[in-house]
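Thanks for asking me to look over this one. My notes follow as numbered points, going from the whole chain to single residues.

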Amino acid sequence: MSLILLPASEVRFAWMLGEAPALDSLSLPPGGIEEAWVLRWLRDNLALLRGTVREGTGSWLMAAGGEVVGLCSYKGPPEDGVVEIGYAVAPQRRRRGYATAAVTALIGLAEQDAHISDLSAETALANLASQRVLEANGFAATGRGFDRDEGEMILWRRALGPGGGGDLRRVQ
């Protein structure tokens, strides 16, 4: 499995939404990557992230073999050194290690940014696959929350730098 992260852009989101032709040789899996409202939210989020993160746009396309297999992003600019991450893999491309590899890459990018000291994430209580992705990348569960659409959530955190999750600060 060879996964690369490509910086997301308004043009690439327009292509995924069917609003514009592709500018490069990328393809999408059958059924696409994500629901249109999610793609629009991520495209709108680019403006919020621009200039607040060191590497790229803060939002990336996961690509393997010339196909976009998923998306990953910071959900907002750093707040007190913490950035929340999100990721999704196309339903037809799950269980291939793409999410784990993308989160590993996000950790590496965040570690290069002096404004980011910790990463956070949320997973639905029933989303065991996503929980395994975070655990494999050194995140620790720090509490519970609630999302109107997803229900009960597990809150996760990972400190960056030497030791990564080893010097994790608990979040209340």
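1. A word on surface first: accessible areas here come from the Shrake-Rupley method with a 1.4 Å probe. On that basis the protein chain exposes about 8900 Å², and carbon and sulfur atoms supply 51% of it. Please keep in mind that this is a predicted model, so the values below are computed from predicted coordinates.

2. Now the overall make-up. The protein chain has 4 helices and 7 strands, and along the sequence they follow the pattern β-α-α-β-β-β-α-β-α-β-β. The radius of gyration is 16 Å, close to the 16 Å that the globule rule gives for 172 residues, so the chain is as compact as a globular protein of that length. Along the principal axes, the C-alpha atoms fill a box of roughly 45 × 35 × 35 Å.

3. Two totals go with that picture. Buried residues make up 46% of the 172 residues. Among contacts with a separation of 6 or more, 62% are between residues 24 or more positions apart.

4. On one side, β1 and β2 pair in the antiparallel sense over 4 bridges, and Leu 6 stands opposite Leu 61 of β2. On the other, 6 bridges join β2 (residues 59-64) to β3 (residues 67-74), again antiparallel. Here Trp 60 has Cys 72 in β3 as its bridge partner. The strands β2 and β3 form a hairpin with 2 residues between them, and Gly 65 in the turn has a positive phi of about 60°.

5. Are the residues of β2 mostly covered or open? The strand is mostly covered, with 6 of its 6 residues buried. In a regular strand the side chains alternate between the two faces of the sheet. In β2, Ser 59, Leu 61 and Ala 63 point one way, while Trp 60, Met 62 and Ala 64 point the other way, and all are buried.

6. A search of the whole structure finds 1 aromatic pair. Trp 60 and Tyr 74 form this pair, which is edge-to-face, with 5.4 Å centre to centre and 85° between the planes. Trp 60 lies in strand β2 and Tyr 74 in strand β3, so the pair ties together parts that are 14 residues apart in sequence. Trp 60 is buried, with a relative accessible area of 3%, and Tyr 74 is buried too, at 2%.

7. Ser 2 sits in the segment before β1. Is Ser 2 buried or exposed? Ser 2 counts as exposed because its relative accessibility is 58%, and the cut-off for exposed is over 50%. Leaving aside neighbours within four places in sequence, Ser 2 is in contact with Ala 63, Ala 64 and Gly 65. Ala 63 and Ala 64 are among the buried residues of β2, and Gly 65 is in the turn of the hairpin. The C-alpha atoms of Ser 2 and Ala 101 are separated by 9.1 Å, although these residues are 99 residues apart along the chain.

8. Finally, please check Arg 43, which is found in helix α2. Why does Arg 43 count as buried? The relative accessibility of Arg 43 is 18%, and buried means under 20%, so Arg 43 falls within the buried class. Not counting residues up to four places away in sequence, Arg 43 touches Glu 10, Phe 13, Ala 14, Leu 17 and Glu 19.

Terms used: Residues numbered from 1 in each chain as written. Predicted model: local features only at pLDDT ≥ 70, side-chain atom pairs only at ≥ 80, totals over all residues. Heavy atoms only, no water. Pairing = 2+ DSSP bridges. Rg over C-alpha atoms; globule rule 2.2 N^0.38 Å. Buried < 20%, exposed > 50% of the residue type's maximum accessible area, 1.4 Å probe, protein only. Contact = heavy atoms within 4.5 Å. Phe/Tyr/Trp six-rings, centres within 6.5 Å; stacked < 30°, edge-to-face > 60°.
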